[in-house]
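These are my notebook entries on one protein structure, written down in the order in which I looked things up.

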Amino acid sequence: MKNLILKLCAVCLALIISGCANLGPKDKPLSHWTSDANQKVKERFAGNRSKELLVLMAFSGGGTRAASFSYGTLKELAAIKVTTENGEKSLLHEVDVISSVSGGSFTSAYYGLRGDQIFEDFEDRFLRKNVEGTLIGKVLNPFNWIPLMSSSYGKSDLAAGYYDKILFDNATFSDFNKLGAPVVVINSTDLGTGIRIPFTHHVFGILCADFDQYPVSRAVTASSAVPVVFSPITLQNFAGSCGYEPPAWMKDAINDGQTSYRKLEAIGLEEYFDGKKRPWLHLVDGGISDNLGLRTYYNTVSLIGDPHLAFSELNHPDVRQVLVILVNSHTKPKADWAMKKKSPSIPQVIGSMSSAQISRYSIDTLYVVRKAFKNWAKEASTPERLVTMNFVDVSFDQVKDEAERQLLNDIGTSFHLKDEEVDLLISAAGKVLRESPEFQAFLQRNRDSVHE
């Protein structure tokens, strides 16, 4: 009898393990691609937002630290009033697009789904939860070991399920399609190519994958999936099955005899045109390819090639004011090992290499994008319509008090912070935004335009 029970247990275990191959959610193919999908995105710019004011936000990575800092910025924007052709409104309700990576994607996704409800429950549902401890507990739970043994189910799949439970309530990208809601672009990185993969209708059109039915939790998990710590989120490529046609800029760039930024981007995306040659994407932390979330905007304008046409694509052909707000929670922790002759340990070397390179790339991105937007505003201006541009940097570097700045820089990149750390991040973000000379210049221009 004992041997029979053991055999039955072995059979059951084998069946469970074989069933694990299908534990991960199946990506859904798109039956037929049409360019109307992009038009639907434009319609979400509608509502009663101003056509003369374009507000773009970017949220950096950094775990709960980034989520709290970006949340504090949203909270401050909600309290600030601006005057538009539609009357006086909260500046937060004038935000058109939010592009985010990693920890910042939790805030952007929740705001995109729930709007002002974020100020009622986001702190309790996420910011003040020990998310990291719970995830570790789930990995150590024997009931999860068998699923985790599957080659198609990893820690990120486990995390996505948990995020659905505590925050996203099984939402898909179709739930973003609400009149007046900002467009939210969640960014990840394809581990196989190093290319930035934003979760957008355009990219999913290339892949012939159903964007509207894709779970928000999996996109946010991919955006924050630090390699080694988390497994990649896999996305199936069905390209070649839905009749996708690349946009004009991509065709022109691919056929261009000269090497350019547009051509390199087009060639990179062209790799995904044949689903049989590249059937899977393995998506990890968006911070690897752009830790600031700014590349979304840089590409929108530079790839189209014409600033006025790009602003029209953003449903703002008659824009007068462009406001870009970067919420950057990147830290500058002290490297104590650098003060000693003794060689740093392997973990210290790996940590320094990744953080230093991301930091260096982020500085370059910030400089390039800020300069580019200033130039684009000039190019889009006419004698009859001046386009002004303000780039606001909400970062720890802008905190005036040295002691407070050091406290912020000492907050680690994790998914569990103390309540006082969350409070400090929320408060500091609001203060930096209010005191920003660039932001005050924007508000003054807004007031002046009322009297013109």
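Entry on Ala66. I looked up Ala66 and found it buried, with a relative accessible area of 3%; I use buried for under 20% relative accessible area, exposed for over 50% and partly exposed for what lies in between, computed with a 1.4 Å probe and protein chains only. Ala66 is found in helix 3, where helices are DSSP runs of H or I with at least four residues and strands are runs of E with at least two, both numbered from the N terminus. Setting aside neighbours within four places in sequence, I listed Ser60, Gly61, Gly103, Gly104 and Ser329 as being in contact with Ala66, a contact being heavy atoms within 4.5 Å.

Entry on the model itself. I note that this is a predicted model, in which local features need a pLDDT of at least 70 and side-chain atom pairs count only at pLDDT 80 or more, while totals for chains, interfaces and linings use all residues. Residues are numbered from 1 along each chain as its sequence is written, and side-chain values use heavy atoms, with hydrogens and water left out. The pLDDT, the predictor's confidence in each residue from 0 to 100, averages 85 over the protein chain, and 85% of the residues score at least 70. Over residues 4–22, however, the pLDDT is below 50, and beyond near neighbours in sequence this stretch has 11 contacts in the model. Where pLDDT is low, the predicted coordinates should not be read in detail.

Entry on the whole chain. I counted 18 helices and 10 strands in the protein chain, and buried residues make up 50% of its 452 residues. Among contacts between residues at least 6 apart in sequence, 81% join residues at least 24 apart. The chain exposes about 21400 Å², of which carbon and sulfur atoms supply 56%; the areas come from the Shrake-Rupley method with a 1.4 Å probe, and for residues only the protein chains shown count as cover.

Entry on helix 16. Which residues of helix 16 (residues 402–409) are buried? I found Glu404, Leu408 and Asn409 to be buried there. They cover an arc of only 140 degrees around the axis, which puts them on the same side of helix 16; the arc is that of the directions from the helix axis to the C-beta atoms. The buried residues of helix 16 pack against helix 3 (63–79) and helix 17 (419–435), so my note on helix 16 leads back to the helix in which Ala66 is found. The face turned away from the buried side carries the exposed residues Glu402, Ala403 and Leu407.

Entry on aromatic rings. I paired rings of Phe, Tyr and Trp (its six-membered ring) if their centres lie within 6.5 Å, with planes under 30 degrees apart counted as stacked, over 60 as edge-to-face and the rest as tilted; the count comes to 24 aromatic pairs. Phe173 and Phe176 form a tilted pair, 5.4 Å centre to centre with 45 degrees between the planes, and both are buried. The rings of Tyr244 and Phe273 have their centres 6.1 Å apart and their planes at 65 degrees, so I recorded this pair as edge-to-face. Because Tyr244 lies in the loop between strand 7 (233–236) and helix 11 (248–255), and Phe273 in the loop between helix 12 (261–270) and strand 8 (280–285), the pair ties together parts that are 29 residues apart in sequence. Tyr244 is buried, with a relative accessible area of 14%, whereas Phe273 is partly exposed at 26%. Ring pairs also link a cluster whose members include Tyr71, Phe106, Tyr110, Phe119 and Phe415.

Entry on two loop residues. Asp169 has a phi near 50 degrees, a positive value in a residue other than glycine, and lies in the loop between helix 8 (155–168) and strand 5 (183–190). Asp169 is partly exposed, with a relative accessible area of 39%. Asn315, in the loop between helix 14 (307–313) and strand 9 (321–328), has a positive phi of about 65 degrees although it is not a glycine. Most residues other than glycine have a negative phi.
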